[in-house]
Amino acid sequence: MNAIITDDGTEIHYRDWGSGRPVVLSHGWPLNADSWESQQLFLAEHGYRAIAHDRRGHGRSTQTWVGNDMDTYADDLECLISTLDLNEVTLVGFSTGGGEVVRYLARHGSARVRRLVLVSAVPPFMLRTPDNPEGLPADGFDALRAGSRADRSQLYRDLADGPFFGNNRAGAAVSQGVRDSFWLQGLQAGARNAYECIAAFSATDFRDDLARIDVPTLVIHGDDDQVVPLAVGGARSAELVDGAELVVYPGAPHGITDTHKERLNADLLRFLDSTPTSLDSQGADHA
């Protein structure tokens with residue numbers, strides 16, 4: 001893998017496959033760029049330059065003590081995009097990565113961005129608060145933190161064997177290999193980084209960020225997502241982004257990058273190859 005160095009000296013490792021118009025893929029918690037390998041390989045084979053990075057504290061990137069928050073994640077993404085001098089970028093964010101790319105647009109604008117895709121993404125706001133009654137109770141996120149401190153290896157096993165891939169549903173047949181890959185990637189993340197990222201993905205409010213998005217947006221979400229329920233995530237995000245297209249996968253769990261990879265790959269390619277719209281033209285004018 002290649003690496004860039006951020007202003008605070010953090011190494012952000014990334015994989016850069018193929019050539020053509022760039023697609024930058026931001027991964028979920030507690031994973032890394034390896035979680036995108038199916039999409040990255042498919043897009044590179046279909047005429048796109050597919051780039052996937054390890055968020056700080058995850059995978060092969062520096063396990064920093066500080067900066068485990070959405071603003072810093074977005075700034076690291078800006079460093080990657082500007083260092084590689086990428087333009088006409090399609091940003092694709094899965095789960096926590098969806099928050100990262102949305103916050104990137106809010107902090108750095110759409111001058112380099114052509115389109116946006118949110119997959120099982122955490123925006124607009126996961127945590128239940130007085131002004132966000134549709135969110136999820138804090139005790140669920142507290143349980144993740146407790147599990148992370150007590151035995152995070154087992155926590156990742158339990159997530160992979162259960163709700164993440166929907167393996168706790170009748171008739172589910174998620175391979176041991178897929179579940180082991182989640183566990184392995186999780187343990188490659190730093191303990192503090194993964195712990196603090198729970199607050200980053202659950203307690204960051206992206207509602208204002210979404211309302212400011214000015215590029216064509218595709219939102220993909222499963223209607224049996226037990227991690228970020230459709231009603232909490234994708235459905236509400238699509239309502240807040242002007243002109244967003246919402247695609248719902250019936251019966252699909254959170255981890256659709258693996259469980260529904262053929263359909264997801266096809267939907268990504270359709271969106272990337274689709275005829276430019278007026279919003280595309282607006283995005284081009286920013287560049």
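S120 sits in the loop between β6 and α4, and in this predicted model its phi is near 50°, a positive value in a residue other than glycine. Most residues other than glycine have a negative phi, and most peptide bonds are trans. With a relative accessible area of 0%, S120 is buried, and S120 is also listed among the residues in contact with I220.

**Backbone features in the loops**

E88 likewise has a positive phi, of about 60°, although E88 is not a glycine. The place of E88 is the loop between α2 and β5, the strand that covers residues 89-94.

Two peptide bonds are described as cis. One joins W29 and P30, with omega at about -5°, and P30 belongs to the loop between β3 (21-26) and α1. The other runs from P123 to P124, where omega is near 10°, and P124 is found in the loop between β6 (113-119) and α4.

**The chain as a whole**

The protein chain contains eleven helices and eight strands. Its C-alpha atoms fill a box of roughly 50 × 40 × 40 Å when the box is taken along the principal axes. A compact globule with 287 residues would have a radius of gyration near 19 Å, and the 17 Å of the protein chain agrees with this. Of the 287 residues, 55% count as buried. Among the contacts in the chain with a separation of 6 or more, 76% are accounted for by residues 24 or more positions apart.

**The nonpolar core and buried residues**

The largest nonpolar core has 78 residues, and the members that touch the most other members are W29, L91 and F201. Helix α2 (residues 70-83) supplies the largest share of this core, with seven residues. F201, leaving aside neighbours within four places in sequence, is in contact with W29, M70, T96, V122, M126, F141 and L144. W29, one of these contacts of F201, is also the residue joined to P30 by a cis peptide bond.

V101 is found in helix α3, which covers residues 96-108, and V101 counts as buried because its relative accessible area is 0%. When residues up to four places away in sequence are not counted, V101 touches S26, L77, L91, V92, G93, L116 and L118. The C-alpha atoms of V101 and V89, which are twelve residues apart along the chain, are separated by 11 Å.

I220 lies in strand β7, made up of residues 217-222, and at 0% relative accessibility I220 is buried. Leaving aside neighbours within four places in sequence, the contacts of I220 include V117, L118, V119, V247, Y249, I256, L264 and D267. L118 is among the residues touched by V101 and is in contact with I220. Along the chain, I220 and N265 are 45 residues apart, and their C-alpha atoms are separated by 11 Å.

Rolling a probe the size of a water molecule over the atoms shows where empty space is left.

| Pocket | Space | Lining by class |
|---|---|---|
| Largest pocket | About 290 Å³ | 14 nonpolar, five polar and no charged residues |
| Second largest pocket | About 220 Å³ | five nonpolar, six polar and four charged residues |

The largest pocket holds about 290 Å³ of space. Of the 19 residues that line this pocket, F141, L144, L159, F201 and V227 are the closest to its centre. Which helix gives the most to the lining of the largest pocket? Helix α4 (residues 138-161) does, with four residues. F201 therefore has a place both in the lining of the largest pocket and in the largest nonpolar core, where a core is a set of buried residues joined through side-chain atoms within 4.5 Å.

The second largest pocket has about 220 Å³ of space. Its lining has 15 residues, and D34, S35, S181, Q185 and D258 are the closest to its centre. The elements that give two or more residues to this lining are α1 (37-45), α5 (176-188) and α9 (256-259). Of the elements in the lining of the second largest pocket, α5 gives the most, with four residues.

Notes
Residues numbered from 1 in each chain as written. Predicted model: local features only at pLDDT ≥ 70, side-chain atom pairs only at ≥ 80, totals over all residues. Heavy atoms only, no water. 1 Å grid on protein atoms, 1.4 Å probe; cavity = no way out; pocket = protein on both sides within 12 Å on 5 of 7 lines; lining within 4 Å. Points joined across faces, edges and corners; volume = space filled by probe spheres on them. Nonpolar A, V, L, I, M, F, W, Y, C, P; charged D, E, K, R; others polar. Buried < 20%, exposed > 50% of the residue type's maximum accessible area, 1.4 Å probe, protein only. Contact = heavy atoms within 4.5 Å. Rg over C-alpha atoms; globule rule 2.2 N^0.38 Å.
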